[in-house]
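Subject: Structure for you to look at

Dear colleague,

Here is the structure I promised to pass on, and below it you will find my notes on what turned up in it. Please read them with the model open beside you.

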Amino acid sequence: MTLPSQRLGTGPGGELAEPGFWQRPPADRLAAFARLRALDSPVFVPEGGGRGGHWALVRHADVQEASRLPKVFASAPGVTTPEPARWVRALFGDSMVNLDGPDHAQLRKIVQRAFTPRLLAAAEEDIHAVAARIVDDVLERRPDEFVSAVSSRLPLEVICNMMGIPDRYRAEIADRVNHASENIGVERGLASRLRMPGRGLRALARMQRMVAGIGRERRRNPSDDLISALVCANVDGQALGARQLGAFFSLLMVAGVETTRNAITHGLTLLTDFPAQRDLLLSDFETYADGAVDEMIRHSTPIIQFRRTVTTEHTLGGHAFAPGDKVVLYYASANRDEAVFPDPDAFDITRSPNPHLGFGGGGPHFCLGAHLARVEMKALFRELLTRPVGLRAVGLPDLAGSNFDNRVRSLRFAFECPSGP
């Protein structure tokens, strides 16, 4: 039974409903989640604008269980808060993350079949080459802003290479991605709310039209790339149509570029803030690198939360959910759960086991790109840390204050040896 005080936002979950909550310092937000994890059951978080609210799943076990029960906790009609409008879904198509059951399984099967061993092997080889080229460029040019110079370049170039995006489109795609995602989950004033959705949707529409055109050309003249594999696939007689290809590409740009970019950026900050851990990593990079990457992902949690809709009566975490209830899986809280992670606020690259939920809580929606993201991060940090000139973050990262992803707008950085290698 929902208590009236919870519905009004005066209960324990009320602070998550405050407009300024996501602009607070990270330590304050994490402390709020720690208080919620200590409660006996999930709390209700009201949402403004007459949209009702959601139940907050903040414990590791609860997030993991809900993730593995997609028939009870459904992704449709949308995993973002607020949910995508019907007209947006009709215009752009449903993203794979917003689908359930056979529709999701069929689309995921087509995509998984396209990621052939040959394509993945070529992608991994390309990742190492791109990482080396980026660091070469950094050492030559000596920029001082990390996101634009380093962390955003690697995942964008790798995905564009893997997809087979011609060079002439790439600068525009990077610009469209920034416009489409820059205000997701960010509290804005009325004038900005009226203006920015149109800008973001126009950027998304142009990006999808662009990739649809490439898809049509690949159907006529297939190449050895992911777009060709997707549009020419024959999985139970199906391949990706234009809208499906556009929706998948948009998802890949956010899930594959934004999240990896942010994990890399937070990673540099963590290695700067915890010099003993950096020294340990440098003492034997190959031994500690995999653990360092997973700890960076756990500690920063690039995707803060996803939404689910309850389809049937179910009891979880001490609460009886009813059909139609909305729940939010707070990965950022689950990854600091004291019941799973001793000293959860510490950055420890030797943490083992490390069952973080940075790629989701398991189940059918576990991140398809988890392996490639790990390879990208490991390759880049190998180049950044083992060259003669080390790098360190300067000051605090400029965070977007989003309730959706742990996005970094910019981060200043410096060379430890100004005279060069």
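**Cavities, cores and a pocket**

A search of the whole structure finds 5 cavities of 30 Å³ or more, where a cavity is, on a 1 Å grid over the protein atoms alone, a set of points in which a 1.4 Å probe fits but cannot get out. This is a predicted model, in which local features need pLDDT of at least 70 and side-chain atom pairs count only at pLDDT 80 or more, while totals for chains, interfaces and linings use all residues. Residues are numbered from 1 along each chain as its sequence is written, and side-chain values use heavy atoms, with hydrogens and water left out.

The largest cavity holds about 50 Å³ of space, a volume being the space filled by probe spheres set on the grid points, which are joined across faces, edges and corners. By class, the lining of the largest cavity divides into 4 nonpolar, 3 polar and 3 charged residues, where Asp, Glu, Lys and Arg count as charged, Ala, Val, Leu, Ile, Met, Phe, Trp, Tyr, Cys and Pro as nonpolar, and the others, Gly among them, as polar.

The second largest pocket (an open set of points with protein on both sides within 12 Å along at least five of seven lines) has a volume of about 680 Å³. Its lining has 27 residues, of which Pro26, Ala27, Leu30, His299 and Arg336 lie nearest the centre. Helix 3 gives the most to this lining, with 8 residues (helices are DSSP runs of H or I of at least four residues, numbered from the N terminus). His299 is found in helix 15 and touches Arg336 and Phe347, among others, contact meaning heavy atoms within 4.5 Å. His299 counts as buried because its relative accessible area is 14%, and buried means under 20% with a 1.4 Å probe and protein chains only.

Finally, the largest nonpolar core has 82 residues, of which Ile173, Leu226, Phe248 and Met253 touch the most other members; such a core is a set of buried Ala, Val, Leu, Ile, Met, Phe, Trp, Tyr and Cys residues joined through side-chain atoms within 4.5 Å. Helix 13 (residues 242-273) gives the most to this core, with 12 residues.

With best wishes

Conventions: On a 1 Å grid over the protein atoms alone, a cavity is a set of points where a 1.4 Å probe fits but cannot get out, and a pocket is an open set with protein on both sides within 12 Å along at least five of seven lines; lining residues have an atom within 4 Å of a point. Buried means under 20% relative accessible area, exposed over 50%, partly exposed in between (1.4 Å probe, protein chains only). Helices (H or I, at least four residues) and strands (E, at least two) are DSSP runs, numbered from the N terminus. Lists of a residue's contacts leave out its neighbours within four places in sequence.
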